[in-house]
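Thank you for making the time this morning. I would like to walk you through one model, beginning with a single chain and then turning to where two chains meet.

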Amino acid sequence: METLPARPVVRQSSFQKARKRFLRSISARIGLFLTVAIVLLAILAPVLRPFDPATARDFAARLSPPSVTYPFGTDGLGRDMLSLVWYGIRISLLVSLVSVGLGLIIGTFLGLIAGYFRGWSERMISWLTDILLSFPSILLAIAVATVIGPSLQSVMIAVAVVQIPIFIRLTRSMVLSLREQGFVQTARAFGAKPERIIFNHILPASLAPLVVQATLAIGTATLEAAGLGFLGLGAKPPTPELGTLLSDSFTNGYALSAPWTIILPGLMITLIVLAFNLLGDGLRDSIDPRANR
Amino acid sequence: MLRYIAKRLLDLLPVLLGITLLVFLFLQLIPGDPAVVLLGQRATPDQVEALRERLGLNQPLPVQYLAWLGRLIQFDLGRSIISGIPITREIATRFPATFELSLAAMMVAVVLGVPAGIIAAVRKNGWIDNIAMSTSLLGVSMPVYWLGLLLVYLFAVNLQLLPPSGRLGVATNLQPITGFYLLDSLLRLDFRAFGDVVAHLILPALTLGTIPLAIIARITRSAMLEVLSQDYIRTARAKGLMERWVINKHALKNALLPVVTIVGLQFGTLLSGAILTETIFSWPGLGSWIYNGILTRDYPVVQGGVVFVAIVFVLINLLVDISYAFLDPRIQYK
């Protein structure tokens, strides 16, 4: 008797499925490519720099339009725009990463507590979340940055404060549904301590949506940080933060007479935000295909 | 319904209290003695002490907070350190400018965004859809003030089609009645002034409207797609209705509900987005005022402006929630 050859059973983990879905999307691939390119540019800035933005100043060539020596022109201090923006990517990316990191850690921690322990801690944390979310985000960031005083650190803190309530909400809602599920109930029945249940069972299960949210948050954080820089609440010149570069050109009145001082910084902000938005959207769709809106 | 509104208003109280508490505490955290800031560095210690006493700065923090809250309820937010003008009066004259700009921006966003979203959904994955969605992604990724600067450079500096800044040209003389210049120029039957006001509104409204435009287009598209996949639409098509009829009469009504919510929510965001846009266009509204307050370290201005915009934001969100009950009879409020 002949037996039919057994069809090979291809088992795919959910990670493999997600990766497949991710790579199938063109926009997700563009996002990944742009993100990698931007991160590489940021890392390589000190190695490949054409000029040092801190010291290389050519006062004779102030506000000179694009030329062979300065392919993107120079700013009001005679600094090469290309080098400035190149360093600016580094600074803006650092600010976004630190502030989203802070927001993610603090927000997730508070969300875990609120969702798991319920009771008065949940009420307090929810109240705080409601208040923080009732401020329009840029306004909240302005308030925080005004209090701390203009500096890069204060931008990081201000943008982190804006991110915190978003991560609290997300984490809390996930914990609320996870804590009723079998594997958590089982762990509790076996007498596992709360911190063990939270960090070994609940947190790993909620990691994927948090990563998606964090990726998207880097985009908004970059916009908010640049906005604060533009309002004069960020790094002080000569630090070449991208928003500060725009503010520098605008407040000194040469944004319109020397448009090359604004085109490249703004374009770079847009590219960074676009990259992380595409990447975040792609990650979200690959993890939860139904979330595709 | 009334009970629902009353309940929502009650729910709002702790949040409003929290907002004022937070803003009050923010101001306490600013380094430096407010009395010294008010009097300047050359004030004598006696003068500083007298002013501290008069302002109630020597009292414990909770007492100070309650006193400040009491004044806030009576619409007394203090005076600007720089100009000496009462904050409330400044808000009253500047709010119409910001509100008019926000309305114009929202009109741009709805008029362009809703049709774009509908067409994108009906022609899903077609070239119109792809262009509309890529543009909207670009729209939310751009710093609006940068877009504003580029628009000014293009339309005001290079093409000289539109004015670069302000609400009125120098040649236009318009006596305000309501503070809403569009309305004022019509009330005075001054159509040249009306044209001037419109010309000044176009660029800032386009700038401020970009983000809501992008978001509204996306939401309309997804809401439309959701509705179009439902059974009653299939039934409508199956009974041979013209596609146009199906889209306009059957689908649109249900798809617009989430759009209304987003329009409301975005309106609140517009008020704060105006801070950056108004700065670019020297628009004499709340945003440019807060910006100048930041630049000159005029803390009462920043504090008053932030509290006011935050409260308006909360109230608008409440209105959006309540309007939901009117728009969607399926929603039951207990």
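Let me start with burial: of the 293 residues that make up chain A, 50% count as buried. Please keep in mind throughout that what you see is a predicted model. The accessible surface of chain A comes to about 14,000 Å², and carbon and sulfur atoms account for 66% of that surface.

As for secondary structure, chain A has 11 helices and 0 strands, so if you follow the elements from the N terminus on, you read α-α-α-α-α-α-α-α-α-α-α. When we take the contacts in chain A with a separation of 6 or more, 70% of them are between residues 24 or more positions apart.

How far apart are A:Asp285 and A:Phe22, in sequence and in space? In sequence they are separated by 263 residues, whereas the C-alpha to C-alpha distance in space is 7.4 Å. Is A:Asp285 buried, partly exposed or exposed? With a relative accessible area of 23%, A:Asp285 is classed as partly exposed, because buried would require a value under 20% and exposed a value over 50%.

Now to the interface. On one side there are 40 residues of chain A, and these are in contact with 44 residues of chain B. The area buried between the two chains is about 3,700 Å², with 81% of it given by carbon and sulfur atoms. Within the area that chain A buries against chain B, 17% is supplied by A:Val147, A:Leu231 and A:Leu256, which is more than any other three residues supply.

Which helices of chain A supply at least two residues each to the side that touches chain B? They are H4 (119-134), H5 (137-148), H9 (207-230), H10 (242-251) and H11 (260-287). The largest share of that side comes from H11(A), with 11 residues. Sorted by class, the side of chain A that touches chain B has 30 nonpolar, 7 polar and 3 charged residues.

That is where I will stop, and I am happy to go back to any part of the model.

Methods:
Residues are numbered from 1 along each chain as its sequence is written. Chains are lettered from A and ligands numbered from 1 in the order in which they are written. This is a predicted model: local features need pLDDT of at least 70, side-chain atom pairs count only at pLDDT 80 or more; totals for chains, interfaces and linings use all residues. Side-chain values use heavy atoms; hydrogens and water are left out. Contact means heavy atoms within 4.5 Å. Buried area is the accessible area (1.4 Å probe) that two parts lose on being put together, summed over both. Helices (H or I, at least four residues) and strands (E, at least two) are DSSP runs, numbered from the N terminus. Ala, Val, Leu, Ile, Met, Phe, Trp, Tyr, Cys and Pro count as nonpolar, Asp, Glu, Lys and Arg as charged, and the others, Gly among them, as polar. Buried means under 20% relative accessible area, exposed over 50%, partly exposed in between (1.4 Å probe, protein chains only). Accessible areas come from the Shrake-Rupley method with a 1.4 Å probe; for residues, only the protein chains shown count as cover.
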